[in-house]
Every structure is written in C-alpha cells, then in structure tokens.
Amino acid sequence: MVKNTAKLMGIRNLDEFMNKAREKFPSSLLTIIAVSLFYLDKIAHVVGLIKCLICWVRHWDPGHYPEWDEDHPIHFVGHSTGAQVVRVMQQMLADKAFKGYENTSENWVLSLTSISGAFNGATRLYVDGLLPEDGKTMKAICLLQLLRLAFIIGCWLDIPWLNAFYNLGFEHFNMSWKKVGLCGLVDYLSGNAGPFATGDWVLPDLTIQGSIRINCHLKTFPNTYYFSYATKCTRKMLGFTVPSGILGIHPLLFMRVLQVSQRRHPPDVSPPYKGYRDEDWEDNDGAINTIASTHPRFPIEHPSHLVVNDDQCQPLQPGIWYYKIVEADHMSFILNRERARVQFDQIYDSIFERCRKHFFRKITQALPNQAPE
C-alpha cells in the first residue's frame, strides 16, 4: 500500500516517501497511513477488510469518491487507531500536504465519529513490553518481542496461504526469503533492518509519549463535528478497579482488562506528563484506556462535552468533542452484531442519524488553535 501511494505522489522511491511523510510528524507511522488513506479515497479502488477505510490494496482504479472536496465533504467513522489516523489526515488536508491536491483544507472532513479511539495512548503497551521511559524501546524479554519474532519469520517465509489469511502489511520492506535470503533474516532478527529497526511500526505511536508527540501537531477544527464513543468494561469493587463481568467481555480481552486496570507507573521513572495519576488510567476496554478515548487531552485538552443523554446535545456544535462512555470492550462494535446485541444497533443507528442531520455544514467563527505552534 505504501509503495503504491508513493508512486501516486510522484515520489521516486520508498525512502523519499518515508522522508516526506515524516517532515510534519517525525517518526510517526500514522502519518504514512493517513497519506495512504487520502490517496485511496481519491484515486484508489480497494477491496477487502476495511478498518476506517484503511485496507490492503489489490488494484488501482477510480477512487471510492473522486468528487471529494470542500463542497463534497466526507463523514468519517474510525475505530481505535483509525480515529487518530483520520485526525492526522485532516491536519494534513489543512496543511495542503498532498502533492497534486493543493486546494485541500480541513473542511474536506465534515465529521469524525470515533469508537474506542486511541487519542491519548494506551498503558497496555507498557504491560506488553514497551519501556515507560520513552515509549519506544522494547524490553529484552516480553510479549512484543515474541510477536516481533513471529512477524519477522512469517514475512520471511512468505507462505501464500498465510498471506491470504492475514496480511501483515510489511510488503514494502521486501522481507521474503526469495529476496533477502538467510542473511536478511539474520539482519531482521538482530534488529539491524526491517520495520522494528526503523521505527516504522504503529505501537510506539500509541503510547502516551507517542500520542503526545503527535497531538502537538493536531488541531480540532471549528467547522467539523466530532463525536466519540469511549468504551469501558471495568467497575469498582472494594476500592479496586476490576473487570465488570465475565460474560460481557471477549475471552481474549478479559485478562487484558485486569492487567491494564492494575498497571502502575514505575515510581523511579518520570511520568509521561505533568499531573499523571495511575487511577485516571485504570478504566479500560481491554486495549485502550477510557480516559484516552474520550477526546484529545494531552498535551493540551481540546473543547469537549460529556454526553449522558443524546437529546441533551442536539443539535451538535462543530469544533467540540462530544463524548459518551458506553459499557463495552474493545471488540464489541467491530466483530459481530451478536455480541453487542441491541447496543450495536443503537450506536450505529445514532451515528447514521447524526450524519444525516449534519449533512450540511454550519459555518462558525474560527476557534483558537488547540495545539502549540
């Protein structure tokens, strides 16, 4: 996907593409994905599994919506990392960062609805093995190291049926044994080459430190509607935060909910931001902390409004993050309808209804920038 996007941007090679993408947001894979998202919508035909319109490219054709511009804006719905990707893309639209499309603006995005959005980081990544000192380096022995080895070996083996079952998205690194041989595998495993050597993988962007670095560059725009569903499946019991139940939480996430809720920042390590408290990060959905998925909070909190009853916030005002906290785990609204039951229909019905109500943009006065220059 990245290689094809680079070609469409008129960039000669992958290294130049990576450098261009990092000019605005250093060391951020989310920027590269956002660039791909823009060009896929404008000029690429994509098939397969869609997650916030990011998916694996099979062939190129006229885009999903080639008419997309300020007069034909788009409603975006993003889950987890996808919500932050849309924010990065909207900022790049405002900065006119897409070659060949110098007329872009933030108004190309009419609304953004987030479901379990990863706006402010996730402490689960520290549990899995990223060091809390910098949010980038992995521990020598941890779950992420095991996954790294599995990903490298899987890409190197280049087994067709495995690639068809699950595409890891590392094709642009040319990691197949057919191209790099045994010496290439040694380089990848030792950390001298590949995505884990260059930092071009997404998890460091999703730590608290990584999210703060990205949020420094992102604004909340005055003519865009924002709504966020923050998920949690925890409750208080005898002064402790514990999973809210067994039956309502996906089996793969139950232990993760408990781990994240009990995680404590090391006392000998500087906190990721001034005023950090462990208790603020206890509620979670098994993947993302609830405090991280309501609205952009760090390093500067953006305008927001807690929604208890949907009728209380009608009509929505642009430039404000409306957020609602719902009892659900991270997978409730993306895997199948049966798990979330009636709540699944209620949330998606409300999203469609909200998009219909705000089919036309209401122009407001400009808000001050929500990010430091």
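## A tour from the whole chain to single side chains

Buried residues make up 51% of the chain's 373 residues; buried means under 20% relative accessible area, exposed over 50%, and partly exposed in between (1.4 Å probe, protein chains only). This is a predicted model: local features need pLDDT of at least 70, side-chain atom pairs count only at pLDDT 80 or more, and totals for chains, interfaces and linings use all residues. Residues are numbered from 1 along each chain as its sequence is written, and side-chain values use heavy atoms, with hydrogens and water left out.

**Whole chain.** Start with the cartoon. The chain has 13 helices and 7 strands. These are DSSP runs numbered from the N terminus: helices are H or I with at least four residues, strands are E with at least two. The accessible area is about 18,200 Å², and carbon and sulfur atoms hold 59% of that. Areas come from the Shrake-Rupley method with a 1.4 Å probe; for residues, only the protein chains shown count as cover. Of the contacts between residues at least 6 apart in sequence, 68% join residues at least 24 apart. Contact means heavy atoms within 4.5 Å.

**Stop 1: Leu185.** Select helix α8, residues 177-190, and find Leu185 in it. Leu185 is buried, at 12% relative accessible area. Show its neighbours: Leu185 touches Ile152, Trp156 and Val180, leaving out residues up to four places away in sequence. Next, pick the C-alpha atoms of Leu185 and Ile153. They sit 7.7 Å apart, although 32 residues separate the two along the chain.

**Stop 2: the nonpolar patch.** Select Leu143, Leu146, Leu147, Leu149, Phe151, Ile153, Leu157 and Leu189. Together they make a nonpolar surface patch of about 620 Å². Patch residues have over 30% relative accessible area and no salt bridge; like charges are joined within 9 Å, nonpolar side chains (Val, Leu, Ile, Met, Phe, Trp, Tyr) within 5 Å. Helix α6 gives the most to the patch, with 7 residues. Zoom in on Leu146, which lies in α6. Leu146 is exposed, at 58% relative accessibility.

**Stop 3: Arg148.** Stay in helix α6 and select Arg148. Beyond four places in sequence, Arg148 touches Met138, Tyr188, Leu189, Gly191 and Phe196.

**Stop 4: salt bridges.** Side chains of opposite charge can pair when their charged atoms come close. The whole structure holds 10 salt bridges. Each is a side-chain nitrogen of Lys or Arg within 4 Å of a carboxyl oxygen of Asp or Glu.

- Select Asp158 and Lys178: their side chains form a salt bridge at 4.0 Å, N to O. Asp158 lies in the loop between α6 (143-157) and α7 (160-165) and Lys178 in helix α8, so the pair ties together parts 20 residues apart in sequence. Asp158 is partly exposed at 25%, whereas Lys178 is exposed at 59%.
- Select Arg277 and Glu279: a salt bridge joins them at 3.6 Å, N to O. Arg277 is partly exposed at 43%, and Glu279 is partly exposed at 45%.
- Select Arg297 and Glu301: their salt bridge spans 4.0 Å, N to O. Glu301 is partly exposed, at 45%.
- Finish on Arg124, Asp128 and Arg256, which a network of salt bridges links.
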